[in-house]
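Please find below a colleague's note on the model, arranged as numbered points.

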Amino acid sequence: MNVAVFSTCPYDRIHLDAANASGLHSFTWIEQRLSLSTAPLARDHEAVCTFVNDPLDSSVLSALATGGTRLLALRCAGYNQVDLPAAASLGLTVTNVPAYSPHAVAEHALALLLTLNRNTHLAHDRIRRGDFRLDGLQGFDLHGKTAGLVGTGRIGTITGKILQGFGCHVLAFDPYASPESRAAGFEFTGRNDLLARSDIVSLHCPLLPATKHLINTETLALLKPTALLINTSRGGLIDTTAAIDAIETNRLRGLGLDVYEHEAALFFEDHTDTGITDPLFARLIAHPRVVVTGHQAFLTYEALDNIASSVLASLDAFASGHTPAHKL
Ligand code: NAD
């Protein structure tokens, strides 16, 4: 099949080409994001492959369907960016990659937590300037602390097990908790109790209408002022303005983010020539107790291999007339 790959990065080409070693499919590499104006680049491509910030709303889907596209193979787990009912009504099949490496994301949540807690980002900056003083770099022992997981699916459960390894008592909230997460030794409790008792809160639930701004002025008020909040899930789970207000007024100790609610206009691209033009994001990263990475929690060699194999499996199944295993 001809496959138009939007938002292509160099690592996507390497891993997708390796998975397509048989040459069964022909890729068109498109660095631009998918939008109404770039959708015509996919004309005569039976399949389109997209990433997290390629919006698949009804107008884009309709433009793709008009151009001959039949399959949308997402190379990510989340699909909040896809209008699935519109895709169904246009006869488009949509697939995702549900579990390419939950370890990659869980381990990155810990990377953010450890950086934030032990101030390694500030220490590195100081040492580069020749300043070896330690004042202001204190953290706390994770051992003996209480960590709260909001969402105990694949990633949340692994994050909780790693935190248990550090000696944390793990609280969990998930209205649809799986038997595996129930068996992991976490203490399941209500959301507000979790927020009030945790020294560390890590978000691992999907972005849904019910979870948008789950962390807002009211729920931030429940947190301990010494708590660290980590989000590797989706930016829209946090009301960013409320969170930065809490940081600036010492009602929250630290914020570790791999995702940002307005990230679509910023992430995955080089803005060094214009600088950061989003004032809320500029305010966020100016604060020493905020650590941000640009949606890279998934970015391990193992995860990229798994993503490429899963996308190829969807393309192969569709091309041979079968229903892909990860059809949404
Ligand atoms: P999953 O589907 O395995 O788990 C999600 C869990 O959230 C489920 O157990 C579900 O019951 C629970 N949940 C649903 N509604 C909830 C609510 N209102 N409150 C609490 N829990 C709720 O998903 P996963 O693979 O563990 O992924 C978790 C999140 O991580 C997703 O949002 C995904 O988009 C995100 N993610 C981010 C990256 C990254 O690079 N930063 C990579 C992969 C996934």
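1. The residues lining the largest pocket divide into 24 nonpolar, 13 polar and 5 charged. Here Ala, Val, Leu, Ile, Met, Phe, Trp, Tyr, Cys and Pro count as nonpolar, Asp, Glu, Lys and Arg as charged, and the others, Gly among them, as polar. The model is predicted: local features need pLDDT of at least 70, side-chain atom pairs count only at pLDDT 80 or more, and totals for chains, interfaces and linings use all residues. Residues are numbered from 1 along each chain as its sequence is written, and side-chain values use heavy atoms, with hydrogens and water left out.

2. The lining comprises 42 residues, and H204, C205, P206, L207 and S233 lie nearest the centre of the pocket. Two or more lining residues come from each of α4 (102-118) and α6 (154-165), with α6 giving the most, 3 residues. Helices (H or I, at least four residues) and strands (E, at least two) are DSSP runs, numbered from the N terminus.

3. The volume of the largest pocket is about 1,100 Å³. A pocket is an open set of points on a 1 Å grid over the protein atoms alone, where a 1.4 Å probe fits, with protein on both sides within 12 Å along at least five of seven lines; lining residues have an atom within 4 Å of a point. Grid points are joined across faces, edges and corners, and the volume is the space filled by probe spheres set on the points.

4. The domain assignment gives domain 1 (2-100 + 300-319) and domain 2 (102-292); such bounds come from an automatic or database assignment. Each of these domains supplies at least three residues to the pocket lining. Their centres, taken over C-alpha atoms, are separated by 30 Å. In contact (heavy atoms within 4.5 Å) are 11 residues of domain 1 and 11 residues of domain 2.

5. Strands pair if DSSP finds at least two bridges between them. Parallel strands β9 (200-203) and β10 (228-231) are joined by 4 bridges, and V201 has L229 of β10 as its bridge partner. Angles run from 0 to 180 degrees between N-to-C directions, the axes being lines fitted to C-alpha atoms, for helices over the stretch in contact.

6. A second open sheet, also with parallel pairing, contains 5 strands in the order β2-β1-β3-β4-β5. Its edge strands, β2 (26-29) and β5 (93-95), each have a single partner strand, so one side of each lacks a neighbour in the sheet. The twist from one strand to the next averages 20 degrees. V48 stands opposite L72 in β4. Helix α12 (301-319) lies across β1 (2-5), β2, β3, β4 and β5, at about 165 degrees to β4.
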